[in-house]
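Trainee: Could you show me how to read an interface between two chains? I would like the general idea and then the case at hand.

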Amino acid sequence: MSGNDEVPVEEIPSVVIRLVGDSGDGMQLTGGELTRAAALAGNDIATFPDFPAEIRAPAGSLAGVSGFQLQFSSGEIFTAGDAPDVMVVMNPAALRTNIRDLEKGGLLIVDTGAFKAKNLELAGYAENPLEDGSLADYRLVVVDISKHVTLTLKGEGLSTKDVFRTRNFYALGLLFWLYGRSPEAELEAIHRKFAKRPEIANANSKVFQAGFNFGETAELFESAYRVAPAKLPAGEYRNITGNEASALAILAAGRLADKPIFYGSYPITPASDILHYLSAQPRYGVTAFQAEDEIAAVTASIGASFGGSIAITGTSGPGFALKQEGIGLAVIAELPLVVINVQRAGPSTGMPTKPEQSDLMQALYGRNGESPVAIVAPSTPADCFDSMLDAIRIAVEHMCPVVYLSDATLANGAEPWRIPAPESLQPIQVNHRIEADGFSPYIRDPNTLARVWAVPGTPGLEHRIGGLEKEDGSGNVSYDPENHQHMTHIRQAKIDRIADRLPPAEIFGDPEGDLLLVGWGSTFGPLRQATIALRDQGHAVSHMHLRFLNPLQSNVSEALLKFRRVLVAEMNMGQLRTLLRDRFLVDAKGLNKMQGQPFQIREVVHAARELLTEVPAETIK
Amino acid sequence: MSSNVLTRKDFISDQAVRWCPGCGDYAILAQVQKVMPELGIDRENIVFVSGIGCASRFPYYMNTYGFHTIHGRAPAVATGLHLARPDLSVWVVTGDGDALSIGGNHLIHMLRRNVDLKILLFNNKVYGLTKGQFSPTSNQGMKTKSSPFGSKARPFSTLALALGAEATFVARTVDTETQHLQEMIRRLANHRGSAFLEILQNCPVFNDGVYEDLKDRKIKSDHLLILENGEPLVYGADSNRELRLDTSAMRLYPARRDLSDDSVEVRHNEAAPDASLAMMLARAEGEDYPVPLGVLRAVREPTFEELSLAEGQAQRDAHGEGTLAELLYSPDRWKVD
């Protein structure tokens, strides 16, 4: 049987695929490879990796299920999709925890070889769901992948365990065939990735090819699919995650400022990848310092900043809490510092691999004393690059700490990034004081109020700074009541004046209307896509997504007043909403999701429509 | 660079010194200011970093660069500063509460990494700035406002802690032994790597007389053992006492030189690669024991900064200086027309 000329090929605009299996099944790797293939084929892509915090929960258990969702499309997309059209399931636990999300009529590809009694029992199935008719709503395709890989690798001398671990590449091969991806690039990639273990590279290649061939010959599917390249703006692209983009911007900043970079960090999910990335790149002039704890990470960074480096410290929520006293020191010492908080669900250890936006108030108000800092929040993985450059520019030009609020969705999610031409990036201006005449450490730029940055090694500028209140100008320790009042205002005014340099917040849609959707951070995708959907339905809805949370851009107040209703959608209890209500006395409503999962587009659409029709609903708080 | 020969006065800042009258910190400040000009380092290349506590006011009084940071974090701030600026001479001034309690973690990791910093730990065995609570070096049973019935915890052996953290230079002196204090500051300054100096210092307000045995001219020679490299561990007014090795217990013990026993004479060797002897000296504590002053250990090992610079150089040699274009244009990019 010679196969695929009998199988019709259907053109589809986009597809959402979710790969689910045990955390040992390599779902993240498979998802990454499928993403790369889609990106190289020119599709627009968005991904959402969703995995447990445990490195290896007991095999086959519900707790150990790891998932990777991606959407690739011939049109512009902003999210990894609400619900998958296709689900690839590697074991019963994965089926049980994910099947409710699959669209009715969706394609369900299952490795039947993993549906043995023990795994069924671990997943809590009394009957085999593949046989009891419970999956009748889906287009079920069963393949005994476990058996196929065993046959494919017979005589290769691999252990049963190693053979079993190639199953993900079989599934990948099958998907490559289904979506018409060329296998050659992947085969090369496999050999690169497993260069240190040629026998594994060889096994994965064989299995990948076997999966591809099986798709071609076995007539499992009623159709194969093609997703045309997206009409992205011309340019060179690469696929990038938020953590990569943040790290890349940090290295770029060193080159743009012609300054050494110091990155102090302590391992913490989901921020560690930034540390890993920077640790491998000392040739770019970055000192990546893995400190003994979060406090040392921030204070060592402050020391480096005092020494004239561009200093950044990175962490997630619990580590951010530990850094707060250090951030306060940077506030009073008026030293530049960027603090990355890749937010995750809290409180306490919470859900370390799951996203949340619940540290905005911690960033704004989490320190002792009146201790204002600037806050910047990237909105998409690629936007992490521009946002990080903004954060660094603000820190060094305004001599203040800047908190950079990413989250787990952005950190691990990927999308195509149009690579900026190196010469298009603005240099970062760093001015170190050299002249000794008229110097004192707390003299300020009259416009920005930034104090001078005088670094050790400069003759004639020897001075002492520290955590005690400073007399303005001289920088001497001062307990003078008037001076403390004055300095408290100065530190606030310094942050407020950053607004003078910011462009107005963009309003997507019309500048006035019935409803303004407001968000920040990783909710950009679902909010933008929901706005498009609502506008298509004829609603007068616009979207304002804030990159700058402190200070707010100067047009924010006016923008809010031009809409009949304001809906702030956040993955927290309403922290930005509280801020907007506090600052502008606006009757903003909230849509709040605390599930460790991003918003679905339909959830936002639903909440917006409820508000537009003024029907009070339980979901709107 | 200033070519003028510097004097003690050049290191005195314009800030009024605000320690209590009679505080041992005055003597330490004076000796540091006195030794500084001898080091041949320009003032602008010297930074004093401190945490919180009485001792931590020190940077304000030095006419160099200075950073009075937050409680316990001076070793971390200084580590970041010196990694970023290995050209500077960076000094950490701290106390027993600052370094050994709230900042204990930073201290041990700074020593373990062998960061090229000079650490002056003023040990007065009490919290002074917060008015007299017991500290991690207070003698067990010490009655204070927060231990009215006597403190319950045992004190740290400061030097044993430093040695246990792999410090490459460990020394001790006392605020009243001016010449010895100066000599130790010089030795500290000349060591490459983490250099740790404990300075026994009297707090006249909250712990007065805690080191009286080491200060009273009539009896101090019976209580001070001045370590001399290559020499036996002799002390006492008539030089008739000695710390000798009890081989059955593998510890130093105080012996009379005119009485022979089974013990073995030990000659001090500060450069021994193995820290066992230094550790025995650090643990030589008790009723009949003298307090060893001097350099317990001084060994040269690669510093954290040297290793960090070498790593960067090796990467640049192998792969070149990274350019912005190289950074942005990854090999797996694709083009959209």
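**Reading the chain A and chain B interface**

Mentor: Happy to! Between chain A and chain B the count is five salt bridges, a salt bridge being a side-chain nitrogen of Lys or Arg within 4 Å of a carboxyl oxygen of Asp or Glu. One of them joins B:E321 to A:R255, with the closest N and O atoms 3.8 Å apart. This is a predicted model, where local features need pLDDT of at least 70, side-chain atom pairs count only at pLDDT 80 or more, and totals for chains, interfaces and linings use all residues. Residues are numbered from 1 along each chain as its sequence is written, chains are lettered from A and ligands numbered from 1 in the order in which they are written, and side-chain values use heavy atoms, leaving out hydrogens and water.

Trainee: How much area do chain A and chain B bury between them?

Mentor: The size of an interface is often given as the accessible area lost when the parts come together. Here chain A and chain B bury about 5,200 Å², 62% of it on carbon and sulfur atoms (accessible area with a 1.4 Å probe, lost on being put together and summed over both parts). On the chain A side, A:R283, A:E292 and A:R464 supply 15% of the buried area, more than any other three residues.

Trainee: How many residues does the contact take from chain A and from chain B?

Mentor: Counting heavy atoms within 4.5 Å as contact, 68 residues come from chain A and 58 residues from chain B.

Definitions and conventions
Buried area is the accessible area (1.4 Å probe) that two parts lose on being put together, summed over both.
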